[in-house]
Amino acid sequence: MTLYEIPNLVYADKNGNIYDHPSLKMVVRSENYNFVPYELELIEIPECTTFYYMPDSNPIAYNPETATLEEFSRGYAVSVFLPPGYLRLFLPAYKKTSSLIYPLYAYTAVGWLNGKFVVPAIKVDKDNKWNPKLFDFTDKFRFRVEKLLSKYPNNRLYKQLAKCALEYHCTAAKNVFYGRWECPMPTSPVCNSRCIGCISLQPAECCPSPQQRIDFVPSVEEIVEVALNHYEVAKDPIISFGQGCEGDPIMVADRIAKAVSIIKKKAPELTINFNSNCSDPEKMKMLFDAGLDSIRVSINSFVESTYNAYYNPVGYKLDDVFKSIELANKYGVYVSLNYLMMPGINDRESEVNALLDFLSAYKVELIQLRNLNIDPDYLFERMKFKVEEIMGIKNMLKLIKKKFKHIKFGYFNRPKKDFYKDFGLPNLKRR
């Protein structure tokens, strides 16, 4: 007998209409385990959450009359895509009825309780810069874009950012034309990782990427022009290399280093960030010497086999990434992790122990907790984990905060003035 009310199952029909079931209850998933969530793991659905149903699937539900889990075959499973700043705790529970591979979204369970949708999630960043209310989707914004492009008609980087803003609806790219906050600086059409969840290039298009990679390398002059223009007009300006519409900027580190050196001489207070797999310590040293302020290291695991299964590194090893972080510590560069999270992977006992060992050996200021966009089945089939304890993401985060009180959790990159402000995770409780 439960001590709290379990949310109703939410399902969809073939037209995408969403219903809650009058008697069957919500079930969630971590790796391949299905179970009923605890009440303290659920929050009311955040504003700007996106709903979508999962074709060729039957949701798994809890039947209170039989106290068993069962497959519901009269509708499709429903998932939500959480807004930035929220971390999912569990996946939707379902059984596929075909070999369909789902698109590159972050699938999150959803239920219906007391007249409201609820999701297993926590808020990890209080920054509100992502809010869609702050971004215009009308012709007024397009006029902003055209005005800046007409002012700099020969700068290909501005043209790429316009494409990202107008076609891909990238909020970071929109910031460039609003003249505020973080300015993305895509530079590299190639990469030395072959991530199975890459959002700009998928081998054999197993699950088509939502955007295309930049097809040129901007010149030093183009990079400097965009950076200095942004610095002149933006509040809390950041320029940030390594974006969703490119490979990895480590591949064009020589050119970026030259640009950074020039930018730093003319705008020493501008925050320069580098989002990367940080796979080449020698190139990272060159960038640190040029004046990088912060790095955000893309990583999904501190266990080499798990890392390799997702990143498929070409010409480097996980240890090279660690060496780059060690070098950043020596230079006093602010280090954050772009930690790709999947329930049932990051919170496994072996994975948590490896993470804690890493945090004991290297200085990390901020862990940016990111929901990994990928079909969970497609990912788990490639991981082939042994059976072990899964402690739950919420418990995992509480353990990190207990052992490393200086480490902050968040979602967004920060300007230098905010490097050491507390973005700690509130209200963590044990199950």
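Start by selecting I367. Beyond its neighbours within four places in sequence, I367 is in contact with L337, Y339, L359, I400, I407, K408, F409 and G410. Contact here means heavy atoms within 4.5 Å.

Before going on, note that this is a predicted model, with local features needing pLDDT of at least 70, side-chain atom pairs counting only at pLDDT 80 or more, and totals for chains, interfaces and linings using all residues. Residues are numbered from 1 along each chain as its sequence is written, and side-chain values use heavy atoms, with hydrogens and water left out.

**The nonpolar cores**

Together with I367, they touch the most other members of the largest nonpolar core, which has 109 residues. A nonpolar core is a set of buried Ala, Val, Leu, Ile, Met, Phe, Trp, Tyr and Cys residues joined through side-chain atoms within 4.5 Å. Buried means under 20% relative accessible area, exposed over 50%, and partly exposed in between (1.4 Å probe, protein chains only).

Now pick V78, Y86, V110 and V119. They are among the 10 residues of another core, apart from the largest one.

**A proline in a loop**

Go to P37. It sits in the loop between β4 (33-35) and β5 (42-44). Strands (E, at least two residues) and helices (H or I, at least four) are DSSP runs, numbered from the N terminus. P37 is buried, at 0% relative accessible area. Show Y4, M26, V28 and L42: P37 is in contact with these, leaving aside its neighbours within four places in sequence. From P37 to I196 is 29 Å, C-alpha to C-alpha, and 159 residues in sequence.

**Salt bridges**

A salt bridge is a side-chain nitrogen of Lys or Arg within 4 Å of a carboxyl oxygen of Asp or Glu. The count by this rule is 16.

Select R156 and E222. Their closest N and O atoms are 2.9 Å apart in a salt bridge. The pair links distant parts of the chain, 66 residues apart: R156 is in helix α2 (residues 156-166), E222 in helix α4 (residues 220-233). R156 is partly exposed at 34%, while E222 is buried at 7%.

Move to K363 and E365. This salt bridge spans 3.3 Å, N to O. K363 is partly exposed at 48%; E365 is buried at 9%.

Next, K417 and D418 form a salt bridge, with the closest N and O atoms 3.3 Å apart. K417 is exposed at 53%, and D418 is buried at 11%.

Finish with R29, K96, D375 and D377. Salt bridges link these four residues in a network.
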